[in-house]
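Have the sequence and the 3D view open side by side.

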Amino acid sequence: MALPVEEWRQCAARRWAALEPALRERLAAASLRDTLRLGCGFLRGDPQPPLRGSRRAAPPEAAALWSPQAASHELPGSPEVSVCFANRSAALFHLGRFEVCLEDIARAESHGYPDRLLPKVLLRKAECLLCLGRLQDAADALRVVEDKIAVDGIMTSPTHQTLLKKLSQLKIKIHERESCPEPSREACGDIQRKSEIWEENDSISGASSSLSLNFDIERGRHLVASQDILPGQSLLKEEAFVSVLCPGESLLLQDSSETAWDTRVTNADLYCHRCLRQLLASVPCRGCSYAKYCSQNCADVAWEQYHRTECSLGALLLTLGVFCHVALRTVLLAGFAEVSRLVEWSHDGDKDLHNAEARCKHLGEAPDTRAGTRGIPGCNDNGQYQSSYQAVFNLLPHAEKHSPEYKFLCMLSVVAICKQLQEAGLEAAVLNQESSEKVSKPKACEKTSSDLSPELKTMAEAMLRHVLQLQCNAQAITVMQESGSGDGAVVNKKPVRLATAFFPVLSLLNHSCCPNISVSFSGTAATVRASQPIASGQEIFHCYGPHRCRMRVAERQQLLSQYFFECRCQACLDELESDVKSVVSMRNSFCCRSCRAPMQGEDMLCCSNEACEVSVSRESLSRRLQDLQQQIKKALELLRDRKADQAIKMLLKCQMDAGNFLAPEHLLMGEMEDHLAQVYATLGKWQEAARHLERSIEIVEMHHGPSSVEIGHELFKLAQILFNGFAVSEALSTIQRAEEILSVHCGPQSTQIQELQEMKTCLLELPRSILQRT
């Protein structure tokens, strides 16, 4: 097993504590190049974690439990792998995914599927082709089966007789389809979708023509509206320059606790490691048990671009964390020539490159900055800001602002990666000096040098730069993922961090605790839309995480220390005034148990009603709140255990307890209503579920506003409940409102919008008499 991340950090902390004080001071003031020069000797002789790429055969019962995971642990070309693919093809056939089933059958054949079992798989192939209407291909597949049976001789076993019977049935079906062909039907999935109006910016790749790139000393690079912008209007469509999938939390499969083999599902098992699409039939890497892809094409492209180098570093990369992985993949995608060019430019160019304030002052005084974008960092010679490695390289690393301890840890991590590359004989692959065939196997080195080569030091300097950049410029790619068992009629989804990426253009957006845009993701692509009207000349603001509806101003300022600036957005300025309280403070407050008035104070809270003399310590109320949250957690566990009646009783009791000390608009009150709606929905009590969810929506609207994306998600759930409860008119009005909100934040092609439209179509196709009654 690889060292846990925390153990690695503790090891780095011990090394830092052992350094001489003079060396610490020298390291704190060093440039990126000098930091690496000082650090290259720290890891000499260190044992490396074991390679993730080393393979161990999975227990045979695991292959029967879960073919995709079993296939990734078997040796490439082994009969066990072919059996895994064949088993998965059977599951895909029963799911009606015939095209993907055919792909798995082809994989099973190419991996040497046992000859004695081949007729069964070939019959499945013929049946898939028949279902797809490819009659001639199905007939050809049946002829192959007949030839195979003829070669094997007479078969009398019950299994063989079953195969012969199936063969005869398929031949009859093919003959019937040929005699009476079905009328051609248009594919229901290819509905013509309304395309969004889009005029791309001449200067900023992927951006709308309604934006312009500006620069000043205070705000640095930023985007401004060059014309009036309406809510829902697309402002930016950008493909990530680089993205790395985050392993994510383990989601234990149902009944997996009954087996000895680990069958937990993580993001690494659910999404393609290159394009981040959801996996149905994954293609595992042939060199390691970790990487999985949605297709052979994705696997091949990933191998050529970066995975041939990363494959044997899996354990080390998982140990060091996703930032180090992103940094390595960034330089691999850029290529040594481009990396070397920009690193040399950083040495020979402006001496103030690592001094952000001096560079900003210089740029602010540059005469051509006002005339165009030519002088802005990251722009090319033509003044265009493109989603390129040059733009990534010019993102600020804030080397002078990071703590010496953090830079020391990053330096150790980067040197560890480079030493591992050197010892594994992968240096030539990193420097793009050999083809993939030559570097697929580590070459034997006559003598392993204890120091890094000059070329690797160049790559290491760029990697260190990128690790430091990521603290302020990393963008989380999120996806709406189903939570819970997923077997109910109402699907509950929550946003989950799927990957970490560099988006050079998206990184131009400055932060506001009250942003005017929404960001959505599809695979590795980000789309930015206006969430409110933006007047010409107004800056485009993104939210880095701290939001006025979720945190108090003090909490927001504390989190923003990660980005090395103090937020001075309008929301923060308003709340920092003595007479103004934040939305969160007013609504997530405690109330008096006697008169229900708000409680005021710091450590000791007193009732705001002067006629009431109730007082209580904040600590005791906070403990009570924690106990309440634990009870809610137990109620949800009862729901997962299919004990709905007990879950309802516990949640109703929690509601009564909460009403004695929480404000009616407290967000936890809304969460309890949402949980009750979920329980009643599992019981098919749609009216009760809708009633509780409507109360939850009222509280969510108080906190986030009537046009927020949070309200859109809640209305989506309410639409499902009303649809299932056959409340047609209420469902149609809710669908319309949910569509209006979600189309602004997520776009008309989002999954939720498509589901809402399908529900609306179904309801509108009902007989007029039913519509009138409802």
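## Helix 30

F726 follows helix 30 and has a positive phi, near 65 degrees. Helices here are DSSP runs of H or I with at least four residues, and strands are runs of E with at least two, both numbered from the N terminus. This is a predicted model: local features need pLDDT of at least 70, side-chain atom pairs count only at pLDDT 80 or more, and totals for chains, interfaces and linings use all residues. Residues are numbered from 1 along each chain as its sequence is written, and side-chain values use heavy atoms, with hydrogens and water left out.

Helix 30 covers residues 709-724, 16 residues in all. From first C-alpha to last it reaches 23 Å, close to the 22 Å expected at 1.5 Å a residue. The expected span is 1.5 Å times one less than the number of residues. Helix 30 is mostly covered, with twelve of its 16 residues buried. Buried means under 20% relative accessible area; exposed means over 50%, and partly exposed lies in between (1.4 Å probe, protein chains only). The buried set includes I711, G712, L715, F716 and L722. Charged residues E714 and K717 are on that list too.

What do the buried residues of helix 30 pack against? Their partners are strand 7 (475-482), helix 28 (667-682), helix 29 (686-704), helix 31 (728-746) and helix 32 (751-764).

Two strands count as paired if DSSP finds at least two bridges between them. Strand 14 (residues 604-607) pairs with strand 13 over two bridges. Strand 14 pairs with strand 15 over three bridges.

C606 can be followed across the sheet. On one side, C606 in strand 14 is the bridge partner of Q600. C606 also stands opposite S615 in strand 15. Strands 13 and 14 make a hairpin with three residues between them. G601 sits in that turn and has a positive phi of about 125 degrees.

## Faces of the sheet

Which face of strand 14 is covered, and which is uncovered? L605 and C607 form the covered face. M604 and C606 form the uncovered one.

## Two arginines with positive phi

Most residues other than glycine have a negative phi. R596 has a positive value, near 70 degrees. R596 is in the loop between helix 25 (583-587) and strand 13. Its relative accessible area is 35%, so R596 is partly exposed.

R642 also has a positive phi, about 65 degrees, although it is not a glycine. R642 lies in the loop between helix 26 and helix 27 (644-659). R642 is exposed because its relative accessible area is 60%.

N510 is in strand 9 (residues 510-511). Is N510 buried or exposed? N510 is buried because its relative accessible area is 18%. The N510 side chain makes a polar contact of 2.8 Å with the side chain of E539. A polar contact is a pair of N or O atoms within 3.5 Å; within protein, one must be able to donate a hydrogen and the other to accept it, and residues adjacent in sequence count only if both atoms are side-chain atoms. Leaving out residues up to four places away in sequence, N510 touches R219, R221, H222, E539, I540, F541, H542 and Y544. Contact means heavy atoms within 4.5 Å.

H111 is in the loop between helix 7 (98-110) and helix 8 (118-131). H111 counts as buried because its relative accessibility is 13%. The side chains of H111 and S110 are joined by a polar contact of 3.4 Å.

## The whole protein

The protein has 33 helices and 15 strands. Of its 774 residues, 48% are buried. Among contacts between residues at least 6 apart in sequence, 64% join residues at least 24 apart.
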